[in-house]
Amino acid sequence: MQEQQLYPVSASSGQEALIDQRQYRAMYQLSIEQPVRFWAEQANCIDWIKPFSEVRDCSFDRQDLHIDWFRDGYLNVTANCLDRHLVAMGDKTALIWEADDPDESHRQISYRELYNDVCRCANGLLELGVSKGDIVTIYLPLLPETVVSMLACARIGAVHCVVFGGFSAEALADRIEDSQSRWVITADHSLRAGQQIGLKGNVDAALGRCAGNCVEKVVVVRRSGAAVAWHPQRDIWFSDLLAGQAEHCAPAVMAAEDPLFVLYTAGSANRPRGLVHSCGGYLVYAAITHRYVFDCQPDDIYWCTADIGWITGHSYVVYGPLANGASTLLHEGVPGYPDISRWSQLIDKYKVSIFYTVPTVIRSLMVHGNAAIRGTDRSSLRLLGSVGEPINPEAWQWFYRVFGRGRCPVIDTWWQAETGGIMIAPLPGATALKPGSATLPFFGVEPALFDGAGNRVEGEGEGYLVIRGSWPGQARSILGDPGGFYEAYFSQCPGYYFTGDGARRDADGYYWLSGRVDEVINVAGHRLSSSEIEKALVTHRSVLEAAVVAYPHAIKGQGLYVFVTLCADQAADEHCRQDLVEWLRLQIGGIATPDVIQWAPSLPKTLSGELVRRVLRKIAYDDCDHLGDISNLADPDVLQHLIANRVRPSPGV
Ligand code: WTA
């Protein structure tokens with residue numbers, strides 16, 4: 001059926017692809033059989049201040065967990081993203097920035113201008129006392145200053161920790177506290193769909209509640225120009241920090257394994273994990289995946305729509321494209337503002353040739369049919385990409401046939417914050433496509449499947465997706481919790497990295513990702529943790545207990561279905577429902593807005609008191625006839641009430 005729909009490799013754009021099928025096979029084989037040789041060659045895609053002699057030294061053993069790539073090599077990431085491009089293409093556009101409001105003028109920033117701004121910002125940070133190894137929190141929307149701030153940290157060896165601008169003050173405070181960051185870079189406001197969101201206000205609120213708050217300086221980008229509260233001792237305008245700074249700043253000499261950034265991501269536990277990524281291995285991996293998977297060539301105008309607050313923004317808005325000298329577009333706003341064809345218009349306006357987005361966006365455009373593409377021809381496109389959640393074949397077909405006019409391959413890329421870069425994806429010149437499948441592994445990546453009994457599945461079959469051995473882009477640790485790093489990723493299948501995803505492998509060896517097998521929920525391509533949302537709910541005075549699961553949502557992929565047991569004196573009414581919705585927005589952010597709240601007099605638990613989410617998931621999926629084994633429930637009768645009062649969510653369209 002689906003598998004028979006095969007789209008052979010086509011000469012998509014009249015350009016010759018970097019890698020054809022024969023080369024893919026040969027390079028993949030080499031990468032698995034002789035990884036040291038393969039990676040030693042690939043690592044030449046970046047400039048090393050001092051070349052490495054050791055390629056890798058990795059062990060996933062509990063006693064000896066370590067992941068080292070190119071260990072004795074030295075480099076600076078910004079020297080690779082900026083300096084080395086200056087001679088041949090200093091005037092080439094590095095960033096194109098389009099504002100939320102289409103009437104506001106856009107900005108084009110050349111590699112030389114970006115270099116100058118990064119150096120000025122880096123000198124400013126040095127003046128504030130930031131030095132090598134220090135963690136700087138960046139809480140900004142999609143602005144050129146966001147890229148400048150990240151690169152300025154990397155210039156001087158500081159470690160950036162970008163927090164998505166859609167997170168609330170509470171969520172920001174948790175991350176600042178966990179990382180012990182002493183500097184925050186933010187903006188007065190962010191602008192989205194004509195709305196102002198008070199980022200500086202959120203920083204003030206976050207710092208007000210951080211225990212042992214150690215933030216010394218808050219640097220503020222002026223975006224809206226509207227008034228904000230000001231603490232003269234602590235706050236400084238970004239423009240004042242850069243004013244008068246020299247346009248040169250020597251790049252810090254970094255060991256390959258020095259950290260480049262920390263990025264918080266949702267896991268199974270009730271607090272986010274600060275994943276640590278390296279300078280050398282991460283940059284090599286981001287650069288080569290960007291080049292080969294998107295077939296990125298010198299004349300391309302490349303647009304990855306991700307926010308910089310997520311891993312996709314790090315690897316494929318900032319580091320991959322800049323390391324490869326690409327021209328990359330940033331759009332401050334949202335897809336449907338001021339009208340649903342905005343993103344199609346931007347593709348025509350800037351002649352975008354590579355467009356990389358999430359299935360949620362594709363589905364939200366698709367429901368508007370032709371309105372989403374009205375008045376545009378998108379003839380500049382030559383490649384389409386998808387990431388963040390499984391892409392359903394209907395959305396794939398619409399993206400391919402209507403949006404891309406049947407001319408551009410759809411490159412479905414599977415990867416994670418932990419993997420640093422793309423792991424499973426077609427290469428446009430090498431891989432025949434099947435709608436809904438991320439297809440085949442990238443160079444050096446050896447996926448495997450395990451069944452529930454811990455046996456490796458060979459050939460066709462399905463199971464937990466794991467990866468054998470390491471690859472350079474792999475996260476190195478969890479900040480402050482190396483033991484948790486082992487438990488989260490290496491304890492399940494000894495010797496393998498455990499992804500937390502389920503997958504099927506078909507007869508052609510293609511992978512079909514089915515979604516998370518743990519407590520992570522993927523709403524509109526944003527990763528959320530059930531336990532984190534449950535923890536936020538039980539801190540509300542009216543809530544005794546809560547359980548959060550996902551259910552299928554037509555646009556967002558998954559929606560949040562929340563079961564709440566209220567305290568005895570709290571009425572289960574609409575007012576309380578609104579109150580809880582607002583509470584989650586304040587505790588976590590708009591992305592954690594529940595779609596459904598069902599009142600539950602009690603929740604299904606085992607005899608030892610453990611919540612049985614599996615059964616709740618079945619109820620949320622409206623699959624009550626297949627609850628599975630419920631013999632371990634302390635009180636199976638609680639299910640009757642939950643099933644009888646199941647809420648039918650709106651289909652989401
Ligand atoms: C899911 C985003 C199916 C998956 C890069 C993974 C996908 C989680 C795909 C990671 C895809 C990402 N097909 N599922 N092409 N890409 N996912 O860390 O469940 O924000 O584990 O990284 O998104 O989300 P994260």
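In the predicted model, the side chains of D501 and Q416 are joined by a polar contact of 3.4 Å. A further polar contact, of 3.1 Å, links the side chain of D501 to that of W414. D501 lies in strand β25, which spans residues 496–505. Although buried, D501 has no salt bridge; R516, the nearest side chain of opposite charge, is 4.2 Å away, whereas a salt bridge requires a separation within 4 Å. Apart from neighbours within four places in sequence, the residues in contact with D501 include G463, Y464, L465, L513, G515 and V517.

The largest nonpolar core comprises 181 residues, of which F70, L114, Y319, L322 and F443 touch the most other members. Helix α9 (residues 280–293) supplies the largest share of this core, with nine residues. A second, separate core contains 30 residues, among them V352, I391, W398 and V410. Beyond its neighbours within four places in sequence, L322 is in contact with N80, C81, H85, A94, L95, Y111, L114, V147, L151 and T328.

Aromatic pairs number 46 in the structure. The ring centres of W48 and F52 are 5.1 Å apart and the planes stand at 75 degrees, so this pair is edge-to-face. W48 counts as buried because its relative accessibility is 15%, and F52 is likewise buried, at 16% relative accessible area. The pair formed by F294 and Y302 is also edge-to-face, because the ring centres are 5.7 Å apart and the planes are at 65 degrees. F294 is buried with a relative accessible area of 0%, as is Y302 with 0%. One aromatic cluster includes W48, F52, F70, Y285, Y292 and F443.

Notes:
Residues numbered from 1 in each chain as written. Predicted model: local features only at pLDDT ≥ 70, side-chain atom pairs only at ≥ 80, totals over all residues. Heavy atoms only, no water. Core = buried A, V, L, I, M, F, W, Y, C linked by side-chain atoms within 4.5 Å. Buried < 20%, exposed > 50% of the residue type's maximum accessible area, 1.4 Å probe, protein only. Helix = DSSP H or I, 4+ residues; strand = E, 2+ residues; numbered from the N terminus. Contact = heavy atoms within 4.5 Å. Lys, Arg positive; Asp, Glu negative; His and termini not counted. Polar contact = N/O pair within 3.5 Å; in protein donor to acceptor, adjacent residues only side chain to side chain. Phe/Tyr/Trp six-rings, centres within 6.5 Å; stacked < 30°, edge-to-face > 60°.
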